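Work through the exercises below with the sequence and the coordinates at hand, and try each task before reading its solution.

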Protein chains: 2
Amino acid sequence: MKKDQDKNLPIDTTDRVASGGLLSRRLFLNSAVATTVALATTRAAYGQDVVGEGQEDWTLYPGSDALEYGERSRFEVERVKKFKPQVTDASQDYWDLRTTNATTRTPHQHLMGTITPSGLHFSVTHHGIPDIDPDQHAVVIHGMVKNPLKFDINALENYPTITREYFLECSGNSGALWGENARDIQLDRMHGLVSGSQWTGIPLSTLLDECGISSDAKWIIAEGADSGSLSRSIPIDKALKDSMIAIAQNGERIMPNQGYPMRLFNPGFEGNTSIKWLRSLYVTDKPVMSRFETSRYTDRMPDGKALQFSLEIDVKSMITRPSNAMSLPKHGLYEITGLAWSGRGKVAKVEVSVDGGTTWAEAALEGPIHSIMLTRFRIPWMWDGRSAILQSRATDEFGRVQPVREKLIEARGRRPSYHFHGIQSWGVEPDGKIKHVYA
Amino acid sequence: MKKDQDKNLPIDTTDRVASGGLLSRRLFLNSAVATTVALATTRAAYGQDVVGEGQEDWTLYPGSDALEYGERSRFEVERVKKFKPQVTDASQDYWDLRTTNATTRTPHQHLMGTITPSGLHFSVTHHGIPDIDPDQHAVVIHGMVKNPLKFDINALENYPTITREYFLECSGNSGALWGENARDIQLDRMHGLVSGSQWTGIPLSTLLDECGISSDAKWIIAEGADSGSLSRSIPIDKALKDSMIAIAQNGERIMPNQGYPMRLFNPGFEGNTSIKWLRSLYVTDKPVMSRFETSRYTDRMPDGKALQFSLEIDVKSMITRPSNAMSLPKHGLYEITGLAWSGRGKVAKVEVSVDGGTTWAEAALEGPIHSIMLTRFRIPWMWDGRSAILQSRATDEFGRVQPVREKLIEARGRRPSYHFHGIQSWGVEPDGKIKHVYA
């Protein structure tokens, strides 16, 4: 076992699996306890010598009382929050009121694991967040059904529920990468319109069956109780397969920005179809060309036509650490980690490159891997202090592979706005600075 | 297929698997989509006829703006919060300051799924919650090591991390059930000192290895930075097996009441060993008989001796719905659901009885089942309107079975205070009222 030249670390050079210093994920995988792994890669890496220590104030006096609903440390409040773009006159779309067309984006550069805390789950609202009294709200199932019925939150709580971990992604996520020049915007602003949670709800098929849907039914028009009555058309097959009316997120009732007290949830479909503040499910035999079915959420193709009902989220990944929210303090060992997902099923593989896509190495995936959920990947990297370009490439269980940016643009044109899922690059400079680059 | 006599529901009587109306979990399990399941059991159950509807205020005016950190609906704030006992002179232990010895308990009667939101995770504090500046805090590993080292949060973030879902339970949870008379206290007050989260941290073995522990090391004395320096002794084998220094909970940095900015986490061990606000790990060859090692957290046995270092949590379960926080509005179909866990590994089986333990039926378990994590169970129940006694009984993958209360008391006496894990009973009256009873 040769020692690494530029650090006093016991890294076997046979562990190098791609150029630029990528080490084998076996360092994570091949030990019963994932911990032993880390040993090989981090010895004497970041621990500091102990010198005489004083006693901090908080060890000298009794601390504060406990709260009935815990809050974050005051040292976290400014550091970690959702990115919320400033709405300017120039960016203001003609149909939206300034205060009500808001996006807030998950700060993945500060998060770990795969669950997004509900308070940090992204949200997109076109008509503001309604302040719904749950006792005055119900969802009605009507149209091509035998018995139109309505369900309030108390009724829904009596049904058998299912609990699943799912990601949700806005089809506009990563839209900046359709642009000609790489803008060095941070991870949350670029990729923050995707989040992952544990959702609990009632399978929609349960309720549709209770209403008795017609055999001619083909679509469901789902409509929210926001002031713009945002609506989308959902294929009935999808609704019967795995859609649910979600009433809880990460264990507690969903928050107002997520559709309190109930929302539709269509696993793997673009976020806007999972109608929030759900008030109506109209069963019919054709889709409705409503405003958000046409003026938004269609993809402009190179031939000028619009691709409609492109609902399923593609296979995709992003490196969350390191990212341009930090710089590398010194050359040496790092873990490259990030998240991967697919709207169709499970993530099967994530590869990482540090030489801009010339050579790739397979990353370790944190299990258990859930279908249609964020999957955490990680791989050890010995950075030698030279320029590097970091990329990740996901493959799902159906063999769909995340494409390079150029291929995606070739197929879909330069400004379809939605469904960008190409490979993204972090450029690392010799001084440790990191930038978003095209490569 | 016979129709049920007292409800117009298509329940096959062969689906009855135990007396009192328990139906087969196959109704949940035997369909590709778990939803079809529910169909059979809930048809025409709770949906209401649609009558003329007005339009609610919130559909008429633009809603509010989005927050950078989402909050709960104002309709939830009073309904769902942690139970916090009032500290009275009588209940006040002599060594604790009134404001600093606080417990807050998870309101499982209102929660769904298996993840406890961080804000609702139980906490027990003996010296209040310190307000730690993360830049002024580090954990020191010293004692029988070659190189004593210290690690602050920035250093820890550079190490490879692991993410796992784990429950945490205070050994005092359910302590009321050692008492002679069944007190009809609600679920949170009775069983609320257990919660489940996704924890991210650095395996302790990684850091111990970096420090180079002596081969004679047998124990680690872990100490917090609270004003009472709460400390416990952890066997070194446990520390090397799966303990971690946790820095994130449910994706974001842990909250102050959970040990911000870092805590020890010993999966499956009683909660107090997972030292919060971790400041010192002292490696040694014997345990230290510190205050919380002796005056608390030992179990008084019938012979008057105290059982020390009874650290591992037993196999256990609780029915969270229905519970005494509600009454049953009418006879008919319900889902009985709850949580089960074991400090040693996975939950293998949960059985439910509605006749006080005479007959049992196996419940469906929500997968994937994580080791040392809360597991959600559920089973359909056709309540005929007669008195019933609801119980759940968990078995873990090692065949350990949750005991009846009498057996537990026989073995451990009537007031050991800690580690109550016997079967608990909800008594259902013909009028639908539910009470905690001994049965």
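## Exercise 1: the interface

Determine how many residues of chain B are in contact with chain A, and describe the side of chain B that takes part.

Solution. In this predicted model, 111 residues of chain B are in contact with 110 residues of chain A. Taking the side of chain B that touches chain A, one finds that helix α2 (residues 34-42) of chain B gives the most to it, with 8 residues.

## Exercise 2: pairing between chains

Find which strand of chain B pairs with strand β7 (residues 149-151) of chain A, and in which sense.

Solution. The partner is strand β3 (residues 48-49) of chain B, and the two strands run in the antiparallel sense, paired over 2 bridges. At the level of residues, Lys150(A) stands opposite Gln48(B), which belongs to β3(B).

## Exercise 3: chain A as a whole

Count the helices and strands of chain A, and state what share of its residues is buried.

Solution. Chain A contains 8 helices and 26 strands, and 55% of its 439 residues count as buried. Turning to contacts in chain A with a separation of 6 or more, residues 24 or more positions apart account for 72% of them.

## Exercise 4: a helix of chain B

Technical notes:
Residues numbered from 1 in each chain as written. Chains lettered and ligands numbered in written order. Predicted model: local features only at pLDDT ≥ 70, side-chain atom pairs only at ≥ 80, totals over all residues. Contact = placed C-beta atoms within 7 Å. Helix = DSSP H or I, 4+ residues; strand = E, 2+ residues; numbered from the N terminus. Pairing = 2+ DSSP bridges. Buried ≥ 20, exposed ≤ 12 C-beta atoms within 10 Å, placed from the backbone.
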